[in-house]
Amino acid sequence: PPYGIETGQQEIPFQGVYRLFPDSGKLMVLEKDFNRPNGLAFSPDEKLLYIGDSSKRRHVRAFEVKEDGTLGKGSLFSEIESEEPGPPDGMKMDIEGRLYVAAAEGIWIFAPTGELLGLIRVPETPANCAWGDSNWQSLYITARTSLYRVKLTVQGIRVP
């Protein structure tokens, strides 16, 4: 997304999600129907890619990941319905397939079906979240001026 630049300075006419091939360095556009893509997370089996669309749309879409690494047609997964500022931003998954989205009011937790399960409220708008501690059951939340830690009973997906 064109954060930090003025209108007219954008070099390409769309907001895209890309794949970088590590062996060749080739860059491929996977999807370009976004207002401002921001935040990505894979399902535990890596067969779905969740992409947040910030700004006007304030939703998360889910895309099938094909064998060749391209994306199938996306579908609306969830929406951030809040009057408070804070579109979808950083996202993480737990081992049971729940999606945690940093957005207005805190961390929104969605079931694999897209149903809103709950909200971890924090005093300021969060920007991102990450799993940590030795048991991977603490969710660290970065916000505008603070870092928060919430201990949960479920493990996050381990990052190799």
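Which residues does Thr125 touch, not counting residues up to four places away in sequence? I opened the notebook with this point.

**Entry 1: the model.** I noted that this is a predicted model, in which local features need pLDDT of at least 70, side-chain atom pairs count only at pLDDT 80 or more, and totals for chains, interfaces and linings use all residues. Residues are numbered from 1 along each chain as its sequence is written, and side-chain values use heavy atoms, with hydrogens and water left out.

**Entry 2: Thr125.** I found that Thr125 touches Pro85, Gly86, Ala103, Ala143 and Arg144, where contact means heavy atoms within 4.5 Å. Thr125 sits in the loop between strand E10 (116–121) and strand E11 (126–132). Strands are DSSP runs of at least two residues (E), helices are runs of at least four (H or I), and both are numbered from the N terminus. I recorded Thr125 as buried, at 18% relative accessibility. Buried means under 20% relative accessible area, exposed over 50%, and partly exposed in between (1.4 Å probe, protein chains only).

**Entry 3: Ala104.** I looked next at Ala104, in the loop between E8 and E9. Ala104 is buried, because its relative accessibility is 0%. Beyond its neighbours within four places in sequence, Ala104 is in contact with Arg58, Ile80, Ser82, Glu84, Pro85, Gly86 and Leu119. I also noted that Ala104 and Pro87 are 17 residues apart in sequence, with their C-alpha atoms 6.2 Å apart in space.

**Entry 4: the sheet E7 to E10.** I traced an open sheet of 4 strands in the order E7-E8-E9-E10, with antiparallel pairing. Strand E7 (91–93) and E10 stand at the edges with a single partner strand each, so one side of each has no neighbour in the sheet. The twist averages 20° from one strand to the next; axes are lines fitted to C-alpha atoms (for helices over the stretch in contact), and angles run from 0 to 180 degrees between N-to-C directions. Two strands pair if DSSP finds at least two bridges between them. Strand E8 (residues 99–103) is joined to strand E9 (residues 106–110) by 5 bridges, and Val101 stands opposite Trp108 in E9.

**Entry 5: the sheet E3 to E6.** I traced another open sheet of 4 strands, ordered E3-E4-E5-E6 and paired antiparallel. Its edges are strand E3 (37–42) and strand E6 (71–79); each has a single partner strand, so one side of each is left without a neighbour in the sheet. Here the twist averages 25° from one strand to the next. Strand E5 (residues 59–65) pairs with E6 over 6 bridges in the antiparallel sense, and Val65 stands opposite Leu71 in E6.

**Entry 6: positive phi.** I reminded myself that most residues other than glycine have a negative phi. Asp133 is not a glycine, yet has a positive phi of about 70°. Trp136, also not a glycine, has a positive phi of about 55°. Asp133 lies in the loop between E11 and strand E12 (138–143), and Trp136 lies in the loop between E11 and E12.

**Entry 7: Tyr18.** Tyr18 is partly exposed, because its relative accessible area is 35%.
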